[in-house]
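Trainee: Could you walk me through this one? I'd like to start with how the chains meet.
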Amino acid sequence: MTVESLYPRLEPLLAQVQKPIQYVGGELNSQVKPWDSVAVHWALMYPDAYEVGVPNQGLMILYEVLNERPDALAERTYAVWPDLAGLMREAGVGQFTVDAHRPVRDFDLLGVSFATELGYTNLLEALDLAGVPLHAVDRDESHPVVVAGGHAAFNPEPVSDFVDCAVLGDGEQVVGDITDVVAAWKSQGRPGGRVELLARLSRVEGVYVPRFYAVTYAADGTIAEVLRTRDDVPPRVSKRTVMDLDEWPYPKQPLVPLAESVHERMSVEIFRGCTRGCRFCQAGMITRPVRERTITGIGSMVDAGLKATGYEEVGLLSLSSADHSEIGQLAKELADRYEGTNTGLSLPSTRVDAFNVTLANELSRNGRRSGLTFAPEGGSERIRRVINKTVSKEDLVRTVTTAYANGWRQVKLYFMCGLPTETDEDVLEIAELAVEVIRAGREASGSKDIRCTVSIGGFVPKPHTPFQWASQASAETIDHRLKVLREAINADRRIGRSIGLRYHDGKPGVIEGLLSRGDRRVGRVIERVWRDGGHFDGWSEHFSYDRWATAAAEELAPFGVDLAWYTTRERTEHEVLPWDHLDSGLDKEWLWDDWQDAISEDEVGDCRWTGCYDCGVCPTMGTEIQIGPTGRSLIPLAVVGARPQVDVHADAAVADPVHTH
Amino acid sequence: MARTPDGPPPPPTVQKLRLRYTKRGPLRFASHRDLARALERALRRAQVPMAFSAGFSPHPKISYMGAAPTGAASEAEYFEIGLSARCDPEKVRAALDASLPPGIDVLECVEAVEGSGSLADRLDATRWRIDLPGVDTGELAAAVQELLSREVVTVAKRTKNGLRDIDAREAVVGAEVTEEAGCAILTVVVRQLTPTVRPDDVMAALAVVADLRPPLPARAVREAQGRLDDSGEVADPLGPDRTMRSSLQEESTPV
């Protein structure tokens with residue numbers, strides 16, 4: 001079957017829409033393979049606008065891994081803005097890939113990466129535009145298999161009506177396994193139709209096929225049990241974990257769009273996983289154990305990526321980059337290597353720690369020191385013990401003051417409100433802290449030209465975390481706490497004018513909470529919202545709380561549950577949670593104990609340094625911590641002109657991560 | 001105390017190059033900001049020794065001029081770069097062309113000759129070719145005749161300050177109607193005034209004077225950009241640099 005490009009029919013429409021460049025593809029390092037040259041065709045979707053989706057690392061990695069296979073091709077598709085979607089419906093042009101503008105409808109698989117639950121309505125819009133039935137049970141052999149991935153896929157129950165499978169954990173290897181299964185099934189003449197294909201996929205480790213599991217409910221609305229409906233599918237589905245990250249140095253050829261995106265830089269993931277144990281953090285819980293790239297592996301990726309892209313900035317990504325075992329040396333040696341080349345280096349996420357200021361100074365050695373970001377998350381020492389992100393007020397003020405003293409003009413502090421056990425007093429301490437930081441900072445820097453921006457959002461409890469049982473604060477509580485905080489910050493104008501407050505009201509968090517900890521019954525709410533015109537829920541100008549609240553009230557009423565039941569209700573220890581049959585490796589008893597420790601303000605250490613505390617992941621998954629130091633260093637590159645000339649790619653070959661446990 | 005960058009100031013500009021490039025195919029949908037980003041990254045990949053401004057956030061020395069609007073294709077976009085080391089213009093052209101996506105093709109690169117004046121001053125008119133599928137050639141010719149016979153044709157133009165009335169007639173220097181493969185083609189030479197009269201504005205003017213409303217979107221290509229010569233033609237803006245360069249070379253050739 002040859003598939004025609006939709007571009008000739010799309011092009012006249014593009015002249016009539018905003019930012020048409022986002023729909024034409026042709027990004028540097030993108031690729032188009034002939035349709036008939038491969039057995040398996042993947043469309044990869046990031047369910048948000050192109051400018052948000054195109055820099056996504058996960059999608060970029062899978063795109064490259066799949067396209068390297070001789071028997072597969074992968075193309076990308078993104079959420080289409082309403083202006084173009086309307087024209088496409090009028091002209092009968094379906095959802096298309098940006099690479100070769102092929103119809104998504106004609107691919108074998110549609111992989112969708114859910115970084116957040118707020119992309120669910122955009123999946124429905126894309127399926128509808130593509131001409132693919134919304135409900136998985138209505139699809140036949142001619143339709144793509146819809147595969148959900150990403151962190152939100154650890155509870156895919158709210159979208160289980162719409163996806164055929166969900167993949168748990170790292171995607172690099174499992175996409176290959178899925179490709180093998182689809183290729184074999186196609187070459188055998190599609191035996192058993194779609195159901196047989198899904199049954200085969202359900203036997204791939206990490207792949208969950210919701211239709212083979214039946215959920216029953218108790219009279220009180222909770223889940224009675226989740227049972228498989230076939231003997232040949234696993235009773236629980238386990239996540240996938242990629243070990244030895246140096247062997248997976250993707251993306252090797254990062255995509256560089258012509259259009260502006262939300263991240264105008266190249267990213268290198270320096271490690272995956274985090275065991276700091278912050279109790280609110282789903283990413284830190286579901287991506288264990290920590291697996292580091294070696295210093296030399298990172299050096300090779302930075303060098304190859306800069307050559308392949310021409311970017312002028314590299315972000316060293318991870319959940320807590322300063323925790324890399326070789327970070328000090330890495331920062332120094334990268335700064336040495338790129339000195340005088342107008343190449344910027346940055347660490348995006350930072351704990352409150354004096355060492356982070358040292359690192360940031362090193363990376364900005366000869367560049368502008370504009371802004372530095374710290375994430376204390378909790379306003380008071382007490383609440384920071386509850387969330388297990390302990391830092392004393394004195395240390396916090398000292399760290400931020402050091403930053404000002406070192407020439408940083410603006411410090412951003414990230415907080416959450418609505419955390420379990422939180423009171424107004426915990427949040428009001430944020431104001432005290434900000435005032436103190438500005439006072440001390442003005443003194444230390446000798447300048448009034450310093451700023452502190454407090455950025456604060458409502459906490460949303462997530463599955464597979466110790467807070468999965470917690471009551472989510474209501475929108476009214478969040479809005480009240482933000483109000484008293486705002487008043488406290490503005491109390492003294494002489495200080496307050498140096499403090500900025502950025503916040504979102506509490507309502508969107510309630511909907512995120514519904515989708516995060518929802519079960520299959522929530523699928524009707526999502527579908528209703530989409531039918532009522534809802535999409536782009538991550539965008540305040542498109543998000544409508546009232547539309548969601550109305551849909552939830554009406555669609556959930558027949559089940560005897562409501563929005564509050566899913567959000568502000570605290571769960572009991574033995575309640576069957578919608579995601580209990582999906583295994584992140586974390587022991588549910590350990591999670592419960594950690595939840596109890598949170599309430600009694602007891603801290604837990606980091607297993608990299610204080611020993612194993614039996615969270616359960618390594619033994620359950622057969623994995624282990626992979627960290628350095630390796631004792632290696634980066635070979636200085638001969639720098640000619642504005643760019644490094646020596647390809648150090650060869651030293652990746654000697655990279656062998658040191659394993660410790 | 002305010003920090004200042006350590007070390008010596010960045011090396012000065014020792015050579016200026018003037019380049020002509022295209023915006024073809026799907027890349028006609030790129031905006032001037034998209035193109036600027038693409039060019040800057042391509043210059044880095046091609047390892048062109050750019051001169052940078054001083055300070056904490058050094059910028060490569062690049063001047064963009066007269067960008068064609070988003071959605072319009074172009075065979076004649078121009079920009080100027082400052083280099084910190086002398087380079088062979090043809091080698092820079094080839095290296096840059098190779099590192100840009102297909103559709104942004106670098107066609108020419110000449111060294112700016114000192115005293116030859118600014119390039120921006122030489123870009124005061126554009127020759128547009130506007131393909132109008134579905135429009136009758138005779139009807140188009142009549143509409144163009146009507147437009148040229150007017151003194152002033154007011155059209156509403158969308159600017160960042162909202163809709164604004166402008167005269168689309170004054171800027172039009174000349175227009176010609178032809179037909180290729182059954183498609184009516186309007187070739188129009190437009191002077192670059194402020195606010196700029198773009199192909200959209202010319203089409204709006206044709207709608208005003210003759211109610212010409214194409215059934216399909218018009219496709220515009222900037223064929224040439226430069227100074228208007230006495231015959232109403234658009235002259236090559238890189239011409240003066242070429243002429244002065246070759247006469248300089250003749251002077252310096254030992255007899």
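Predicted model: local features only at pLDDT ≥ 70, side-chain atom pairs only at ≥ 80, totals over all residues.

Trainee: OK, how many residues does the contact take from chain A and from chain B?
Mentor: Chain A contributes 25 residues to the contact and chain B contributes 28 residues. On the side of chain A that touches chain B, there are 12 nonpolar, eight polar and five charged residues, where Ala, Val, Leu, Ile, Met, Phe, Trp, Tyr, Cys and Pro count as nonpolar, Asp, Glu, Lys and Arg as charged, and the others, Gly among them, as polar.

Trainee: And what pLDDT does chain A average?
Mentor: The average for chain A is 93, and 96% of the residues score at least 70, with pLDDT being the predictor's confidence in each residue, from 0 to 100. Residues 639–661 of chain A have a pLDDT below 50, and this stretch has 56 contacts in the model beyond near neighbours in sequence.

Trainee: Switching to the sheet, what is the strand order in chain A?
Mentor: The order is 2-1-3-4-5-6, in an open sheet of six strands with mixed pairing; strands (E, at least two residues) and helices (H or I, at least four) are DSSP runs, numbered from the N terminus, and two strands pair if DSSP finds at least two bridges between them.

Trainee: Which strands stand at the edges?
Mentor: Strand 2 (72–78) and strand 6 (207–208) of chain A do, each with a single partner strand, so one side of each has no neighbour in the sheet. Strand 1 (residues 40–46) of chain A runs parallel to strand 2 of chain A, joined by seven bridges, and A:His41 has A:Leu73 in strand 2 as its bridge partner.

Trainee: Last topic, what are the domains of chain A?
Mentor: Chain A is divided into domain 1 (7–238) and domain 2 (265–351 + 600–661), with bounds that come from an automatic or database domain assignment. Their contact takes six residues from domain 1 of chain A and eight residues from domain 2 of chain A, and the C-alpha centres of the two domains of chain A lie 30 Å apart.

Conventions:
Residues numbered from 1 in each chain as written. Chains lettered and ligands numbered in written order. Contact = placed C-beta atoms within 7 Å.
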